[in-house]
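Please read it with the coordinates open.

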Amino acid sequence: MLKLGWFSTGRGQGSRDLLRTVMEKKNSDDIDMKIEFVFCNWDNKEEPNSRKEQREMFFDLVKSYDIPLVTLSWKTFRPDIWESDQVTWRNEYGKEMRKLLSKYDFDIGVLAGYMLWVDDETCETYDLINLHPALPDGPKGTWQEVIWQLINDDAKEQGAMIHLCTKEWDRGAALTYCGFPIRGIGYDELWNDMYRKLTTRTLDRIKAEEGEKEPLFAKIRADGAKRELPLIVSTIERFACGDLKMVKQKAFFKGERLKGAFDLSDDVNKK
């Protein structure tokens with residue numbers, strides 16, 4: 001049985017959808033998998049807390065599946081060093097988190113909407129995987145930064161990948177990915193509109209004036225976002241059936257060392 005640790009900040013609907021989708025898949029398809037715990041870096045007693053209701057809904061969902069919920073509030077942890085030395089703070093937080101999780105045995109930790117930077121020792125202690133909203137050879141950064149970079153680069157394709165978490169953020173080895181074209185039907189007209197805008201405005205100005213509502217930007221985001229959940233589910237399925245395995249931060253596919261990210265585009269597009 002595949003044993004997962006689940007790390008989430010529980011900020012909103014997306015966090016609940018991730019957990020719910022994986023659990024429904026487990027129950028309906030009898031995936032040989034168990035989530036040993038859910039870890040959250042909020043305990044929901046903090047003030048101010050603009051997402052208190054959203055996080056309470058997430059906690060309730062976790063409890064409805066009888067999954068142990070482990071919390072460690074980042075806002076109240078060691079405030080004496082937070083302002084002066086965030087590297088030391090992060091290391092101390094990681095040490096305390098690992099202490100809380102020491103009673104749980106898990107194969108892989110899934111960062112599922114976890115918004116706190118993971119310290120180096122935790123990355124080296126556990127096999128942690130994370131979603132990055134770009135292809136393995138695509139841009140780094142937030143999904144917003146990725147999409148603007150794709151537009152700037154006149155890119156032909158976008159995607160998402162699941163990668164190993166390492167000390168170098170967003171630069172761990174890619175394990176699985178899916179890709180899709182951002183040219184052709186539904187896209188060419190939007191690219192032409194962008195080219196016309198760029199004759200009178202810089203991309204930075206378009207970004208400032210239109211932001212995420214810019215039609216080409218919005219289309220790329222929508223087509224990428226709807227593939228993220230299926231990619232996570234398909235990746236977990238591959239681990240659960242034994243095709244993919246992690247051994248001390250090294251990935252193997254059917255017993256052979258994985259030399260490049262495994263393409264799950266067909267699986268994801270069907271889903």
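1. E228 touches L131, P133 and R221, leaving aside residues up to four places away in sequence; contact means heavy atoms within 4.5 Å. E228 lies in helix 9, where helices (H or I, at least four residues) and strands (E, at least two) are DSSP runs numbered from the N terminus. E228 counts as buried because its relative accessibility is 15%; buried means under 20% relative accessible area, exposed over 50%, and partly exposed in between (1.4 Å probe, protein chains only).

2. On the source: this is a predicted model, in which local features need pLDDT of at least 70, side-chain atom pairs count only at pLDDT 80 or more, and totals for chains, interfaces and linings use all residues. Residues are numbered from 1 along each chain as its sequence is written, and side-chain values use heavy atoms, with hydrogens and water left out.

3. The largest pocket has a volume of about 930 Å³. Pockets and cavities are found on a 1 Å grid over the protein atoms alone: a cavity is a set of points where a 1.4 Å probe fits but cannot get out, a pocket is an open set with protein on both sides within 12 Å along at least five of seven lines, and lining residues have an atom within 4 Å of a point. Grid points are joined across faces, edges and corners, and a volume is the space filled by probe spheres set on the points. Of the 30 lining residues, G113, M115, L131, W143 and E228 are the closest to the centre of this pocket. Helix 1 (13–29), strand 5, helix 6 (143–152) and helix 9 are the elements that give two or more residues to its lining.

4. The lining of the largest pocket divides into 14 nonpolar, ten polar and six charged residues. Here Ala, Val, Leu, Ile, Met, Phe, Trp, Tyr, Cys and Pro count as nonpolar, Asp, Glu, Lys and Arg as charged, and the others, Gly among them, as polar.

5. How many cavities of 30 Å³ or more are there? The count is three. The largest cavity holds about 60 Å³ of space, and V110, L111, I129, N130, L131, I162, I232, T235 and I236 line it.

6. Eight strands form an open sheet of mixed pairing, in the order 3-2-1-4-5-6-7-11; two strands pair if DSSP finds at least two bridges between them. Strand 3 (69–71) and strand 11 (262–263) are the edge strands, each pairing on one side only. Helix 9 (residues 215–241) packs on the sheet and touches strands including strand 1, strand 4 and strand 5 (128–132). Strand 1 (residues 2–7) and strand 4 (residues 108–111) run parallel and are joined by four bridges, with L4 opposite I108.

7. Some backbone geometry deserves a check. Most residues other than glycine have a negative phi, and most peptide bonds are trans. A cis peptide bond joins E47 and P48, with omega about -5°; P48 is in the loop between strand 2 and helix 2 (52–64). D66, not a glycine, has a positive phi of about 60° and sits in the loop between helix 2 and strand 3. D66 counts as exposed because its relative accessibility is 71%.

Terms used:
Axes are lines fitted to C-alpha atoms, for helices over the stretch in contact, and angles run from 0 to 180 degrees between N-to-C directions.
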